[in-house]
Amino acid sequence: MSEKRTDHVVVVGGGVVGLSVAWRAAAAGNRVSLVDPAPASGASYVAGGMLAPLAEAWPGEEELLELGSTSLNRWPDFADELSRAAGLPSGLRTEGTLMVGVDGADREELDNVAGYLAGLGRSVTRLTGRELRSREPSLGPAVRGGLEVPGDLAVDNRLALTALRAAAEAAGVEFIAERAEAVRPGGVELVESTVECDVVVISAGAQSGSLHPALSDRIRPVKGEILRLRRRATALPPPTRTVRGPVRGRPCYLVPRDDGGVVLGATQHEVGFDTEVTVGGVRDLLADAETVMPGIAEYALVEATAGLRPSTTDNLPVIGWLEPGVLAATGHHRGGFLLTPVTVDAVLSLLRGEEPEPLIKATDPSRLGGQQ
């Protein structure tokens, strides 16, 4: 389906995807309004910011791996452009990722990941526990082996969101601090008014399913609890790389920040729109992190939050026309930050009336069934 280039685009949702689409669409010459009562909040504000398609690769998700790898390759240029447009740092980190395992089952899982990636022509380096500790001295003796993934990146999500807001404002985006109730061709219904436009882009995260019939029951929330820690003066420095892996079967990651902090996550629970942080979630995250990095017990716990990942049945995002005048760019699950560059490129192509690149076909809304 193709559309003529539009004059007025309304983006619903002010997370990383929505802010990026709004900024780039405005920079391309469109009049753009962004509808969100609290931009730069929600799942994007809570996120760890890993850009790690290889570390998150899983058999049966080859299309997602291709999409993520393509988007990862665009992140350095995207980050440079963002910094120039905003006059602020993008928060991109380039040190890479270490995947670590504690017990035999964990190491077997990592071996399976390495073998799977090798079968796809994507190599990672197997490391012993000693080799891992030579790279990151803060890792503890319980870490017995793992993988080095040098190509994966990370981004400080909150620095990136601040820069995106500034870039969008500089490009002339109008911010409407209201909640969208529904989306239709030609407009967005707010609580007490309507915004008329040429095209609506739905990027409202886990709330997207309530805005249009084609997304109803097809975007679901998956809760993730995340802790933010700060190094105290007496504590060992945090790792320089992202450290992640199964800890006795539970996923765990530690993402360093430039200020000496660490983001620790993340649980996964199918509990609807519940965003309360649980005692059990905090306990498990801290216990697993201390197993990997014993010195973390000396860090200060400064924040415990939960966000809702917008998820689909196949973990692929939804990018494409729902009907004439209504585009979707949502359902990114764990990959909101990772998939932003490729998502924005696809949306801008569609707004110009062009077909996006072939790999975007896997994300077409028609695969979900329902109204088209």
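**Helix packing and local geometry in a predicted model**

Threonine 125 lies in strand E6, which spans residues 125-128; here strands (E, at least two residues) and helices (H or I, at least four) are DSSP runs, numbered from the N terminus. The structure is a predicted model, in which local features need pLDDT of at least 70 and side-chain atom pairs count only at pLDDT 80 or more, while totals for chains, interfaces and linings use all residues. Residues are numbered from 1 along each chain as its sequence is written, and side-chain values use heavy atoms, with hydrogens and water left out.

With a relative accessible area of 39%, threonine 125 is partly exposed; under 20% a residue counts as buried, over 50% as exposed, and in between as partly exposed (1.4 Å probe, protein chains only). When neighbours within four places in sequence are left aside, threonine 125 is in contact with Gly146, Leu147 and Glu148, where contact means heavy atoms within 4.5 Å. Leucine 351 stands 226 residues from threonine 125 along the chain, and the C-alpha atoms of the two are separated by 41 Å.

The UniProt record, in an unreviewed entry, places the feature "domain: FAD dependent oxidoreductase" at residues 8-343. UniProt positions are given in the numbering used here, feature names are shortened, and such annotations may be inferred rather than shown by experiment. Over residues 8-343 the chain is 29% helix and 30% strand.

Helix H3 (residues 62-86) packs against helix H6 (residues 157-170) at an angle of about 60°, with the axes 8 Å apart. Axes are lines fitted to C-alpha atoms, for helices over the stretch in contact, and angles run from 0 to 180 degrees between N-to-C directions. H3 and H6 are therefore oblique to each other; angles under 35 degrees count as roughly parallel, over 145 as roughly antiparallel, 65 to 115 as roughly perpendicular, and the rest as oblique. The crossing of H3 and H6 is left-handed, a term used if the near helix is turned anticlockwise from the far one by less than a right angle, with right-handed used if clockwise. On the H3 side the contact is made by Phe78, Leu82, Ala85 and Ala86, and on the H6 side by Ala160, Ala163, Leu164, Ala166, Ala167 and Ala170. By class, this contact has ten nonpolar residues, no polar residues and no charged residues. In this scheme Ala, Val, Leu, Ile, Met, Phe, Trp, Tyr, Cys and Pro count as nonpolar, Asp, Glu, Lys and Arg as charged, and the others, Gly among them, as polar.

H3 also meets helix H8 (residues 340-351), and the axes of H3 and H8 come within 7 Å and cross at roughly 90°. The two helices are therefore roughly perpendicular to each other. Leu67, Thr70, Ser71, Arg74, Trp75 and Phe78 of H3 make this contact with Thr340, Pro341, Val342 and Asp345 of H8. The residues of the contact of H3 with H8 divide into five nonpolar, three polar and two charged.

A further pairing joins H3 with helix H1 (residues 16-27), where the axes come within 13 Å and cross at roughly 70°. H1 and H3 are therefore roughly perpendicular to each other, and their crossing is left-handed. Ser20, Trp23 and Arg24 in H1 meet Phe78, Glu81, Leu82 and Ala85 in H3. This contact of H1 with H3 comprises four nonpolar residues, one polar and two charged.

Glycine 336 lies in the loop between strand E20 (326-330) and H8. Its relative accessible area is 15%, so glycine 336 is buried. Apart from neighbours within four places in sequence, glycine 336 is in contact with Val16 and Val17. Glycine 336 and valine 17 are 319 residues apart in sequence, yet their C-alpha atoms are 6.7 Å apart in space.

Backbone geometry was also examined. Most residues other than glycine have a negative phi, and most peptide bonds are trans. Aspartate 217, in the loop between strand E13 (199-202) and strand E14 (220-230), has a positive phi near 65°. Aspartate 217 is exposed, with a relative accessible area of 78%. Asparagine 315 has a positive phi of about 65° and is found in the loop between strand E18 (300-311) and strand E19 (318-323). At 17% relative accessibility, asparagine 315 counts as buried. A cis peptide bond, with omega about -15°, joins glycine 265 and alanine 266. Alanine 266 is in the loop between strand E17 (261-265) and helix H7 (279-292).
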